[in-house]
Amino acid sequence: MSREVLLKVENLKQHFKVSKKQTVMAVDGISFEIFKGETFSLVGESGSGKSTTGRSIIKLYQITDGEIYFNNKRISIGDKQFKRLKHIIRESKEGYDGKKINELRAEVKRLKSTTHTDRLKEYEEKLSNAINTKVKINHKDIEELKLDLRQAQVDNMVDRDFRQKMQMIFQDPMASLNPRKKVIDIIGQGLVVNGLVSSEKEKEEKVIAILEKVGLLKDHLHRYPHQFSGGQRQRIGIARAMIMNPDFVIADEAISALDVSIQAQVINLLKALQEETGVTYLFIAHDLSMVKYISDRVGVMHKGHIVEMGTVEDVYENPVHPYTKSLLSAIPEPNPRLEKVRKRDIYDQKNINYTGGKIQHLSDTHTVLATDYELEKWLEK
Amino acid sequence: MKKILRVNDLRISFKTNSGNVQAIRGVSFNLFKGETLAIVGESGSGKSVTTKAIMGMLANNATVEQGSILFDGNDILKLTKRELTKIRGSRISMIFQDPMTSLNPTMTIGKQIMESMLEHRKMKRSDAKIKVIELLDLVGIESPSKRFKSYPHQLSGGMRQRVVIAIALASEPDILIADEPTTALDVTIQSQILELIKELQMKLKISIIFITHDLGVVANMADRVAVMYAGKIVEYGLSDEIYYDSKHPYTWGLLASVPDMSTKVDMLYSIPGTTPNLISPPVGDAFAYRSEHTLKIDFEEQPPFFKVSDTHYVASWLLHEYAPKIEMPEHLQRRIKLMLSEEY
């Protein structure tokens, strides 16, 4: 597997304001990378923030904080960063006199090379320093900051390339397919909207080609979604995503609504498509047994944090975090004799606070979110 | 053991615009007192229709063409509406898949449980309230007297399903029908709910019919398993017989499509094709079109039940004495061998 990074999520936060007093912190500062051609899975219970993460990546939400890079290009930048940038510019305008200005400029140059998030923080520090020591901020620096702001605004816009290269498959195929449209129009819509086909005939040819790839028939072209079974409908959803020839597909609980026997069909199809096209998957699920089978790496989410991340072997064979252990112990197996004596690990969810923990590296691939004390305690067991 | 319910050669069809769908095509089984019977099958196999018939809640376009459901010496299918109301919800209760849609969002959970109690039993309101709090405690809801006044939306999915179970148990039923009660829940919550149902069964000695499409889920619960396909039971037996020694290729397929946690495979096994259209069901074995081991007779005549043991029966021509010997797929054999060799 090549280790080229396709998607990089840095300190992503997604908060939803419910009322004046209450804000739901659905995702609260997570970072991960997804490499080209691999399948990365996010697992966790409902409300853990795994679906929100997927939706933030594909820009269904404006993110609260953090940055997301796709194909080495920034695609999202958090609201909080915008605010900070604007704040700095506003403050800077007031101006202060002094001789420290050259120092500050040199600093700004150096910061250019590091990531935006870190850079912003340091900008702020420099600014408060400048205010305290009454240094006037150079006009050029302000211009540079303004450029930064503009660049961030441009990066944050959805462009055509992004829309084609990142696709999504949803959980409920009945709810995600327009019941009044025929299969050919549902699957071909992306092509038409993006101007990738010039005639109806060309569209039809392309749709037929993709239908065959996902195991449907040419006869299905002019049927409506309700005329299909659940598994077939999910194949239509997959065809709609794959026809754009994407680099990256987010599958949000794509198999949860299907029967076990059909789940296997869909998973095998996704895997075959990956082998053929080299597409990268972000797989979001709560079913850990299917995840084990399809993924290269897994991140376990709980309450908006990634509590453990690693390769499938790391997470399934050597789980460290008690939440991961409780999830693994809950997987039902078709083995009555084992099930009758099996003990479930119960994870005490009261009084947990992940903000105190830091990301601890257990190996090159395996990380866990814990305080030093917790890590020691867990590793002892 | 005492038979508590007997379903006899049940046939049900639904009138639809495109024709008569023969959803149930001759289903017979017994439910014994205190046991858990799991009915397993894909969507469209008829498992839910069977239980709806038992509850007397078939849709308006359904016709019972043949058969009987004997409960307490009476045929449920022949009862009047009033007689049915006496049984339904009081002696036979049901829990559904989605706890949000089966609870009333405008009523506190305490009231909802009390409602079912007062409906079926004569008691004072104050006594009923005490009983409800006991029940909430029984199904594992913390500080039940406070929760009495909560609305469904204030509870998590797992808690809601506990409330639904409490409602089902409020009338102290003889039979509890659980229709995919954990499918909408997370794995951790699922295991808690399964454990709860099992625990309650031990305490209250009720009989349970558990409907699911996932054989993994019921391994812990089921005493007996019936596998349904295209409106018929194709194999039934004791839990061990189905999990470790099944004979029908469809059961093999269901078992093999549950991913194996202990070994890594390249391809997940899946049953090819989809369930047949039951508007015009196949003449012979309905599974023949999806099976790897199809015989000529499969297309001509429906297989009868062949006896494997006193408790284990299989409807497949492969068990006929003249049929070629077909063994369970090798990878499944290996897996089962591994399961049985481990000590617990």
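Predicted model: local features only at pLDDT ≥ 70, side-chain atom pairs only at ≥ 80, totals over all residues.

**Sheet in chain A.** I read eight strands in the order S6-S7-S8-S3-S9-S10-S12-S11, with mixed pairing. The edges are strand S6 (166-169) and S11 of chain A, each of which pairs on one side only. From one strand to the next, the twist averages 20°.

**Around S12(A).** Next I looked up what flanks strand S12 (residues 367-370) of chain A. On one side, strand S10 (residues 305-311) of chain A runs antiparallel to S12(A) and is joined to it by two bridges. I found A:Met309 standing opposite A:Thr367 of S12(A). Strand S11 (residues 358-361) of chain A also pairs with S12(A) in the antiparallel sense, here over four bridges. In that pairing A:Gln360 stands opposite A:Val368. Getting from S11(A) to S12(A) takes a hairpin of five residues.

Which way do the residues of S12(A) point, and are they buried or exposed? A:Thr367 and A:Leu369 point one way, A:Val368 and A:Ala370 the other, and all are buried.

I then checked strand S9 (residues 297-302) of chain A, which is antiparallel to S10(A) and joined to it by six bridges. A:Val300 has A:Glu308 of S10(A) as its bridge partner.

**Helices on the sheet.** Two helices were worth a note. H10(A) lies across S6 and strand S7 (248-252) of chain A, at about 175° to S6(A). H14(A) lies across strand S3 (39-43), S9 and S10 of chain A, and its angle to S9(A) is about 105°.

**Contact between the chains.** How many residues does each chain put into the contact? I get 34 from chain A and 33 from chain B. On the chain A side, the elements giving two or more residues are helix H10 (230-242), helix H11 (260-277), helix H12 (288-294), helix H14 (322-329) and helix H15 (336-341). So H10(A) and H14(A) turn up again here, as elements on the side that touches chain B. By class, that side has 14 nonpolar, 11 polar and nine charged residues. For the model as a whole I noted ipTM 0.82 and pTM 0.85.

**Core.** The largest nonpolar core holds 167 residues, and B:Ala166, B:Val218 and B:Val227 touch the most other members. Helix H7 (residues 157-169) of chain B gives the largest share of this core, eight residues. I followed up B:Ala166: leaving out residues up to four places away in sequence, it touches B:Ile113, B:Leu135, B:Leu136 and B:Val139.

B:Ser143 is not a glycine, yet has a positive phi of about 35°. I located B:Ser143 in the loop between helix H5 (125-138) and helix H6 (144-147) of chain B. Why does B:Ser143 count as exposed? Because it has 10 C-beta neighbours inside 10 Å, and the cut-off for exposed is 12 or fewer.

B:Glu180, also not a glycine, has a positive phi of about 45°. B:Glu180 sits in the loop between strand S7 (175-179) and helix H8 (187-204) of chain B. With 19 C-beta neighbours inside 10 Å, B:Glu180 counts as partly exposed, because buried needs 20 or more.

**Confidence check.** Chain B averages a pLDDT of 89, and 98% of its residues score at least 70.

Notes
Residues numbered from 1 in each chain as written. Chains lettered and ligands numbered in written order. pLDDT = per-residue confidence, 0-100. Contact = placed C-beta atoms within 7 Å. Nonpolar A, V, L, I, M, F, W, Y, C, P; charged D, E, K, R; others polar. Core = buried A, V, L, I, M, F, W, Y, C linked by C-beta atoms within 7 Å. Pairing = 2+ DSSP bridges. Axes fitted to C-alpha atoms, helices over the stretch in contact; angles between N-to-C directions.
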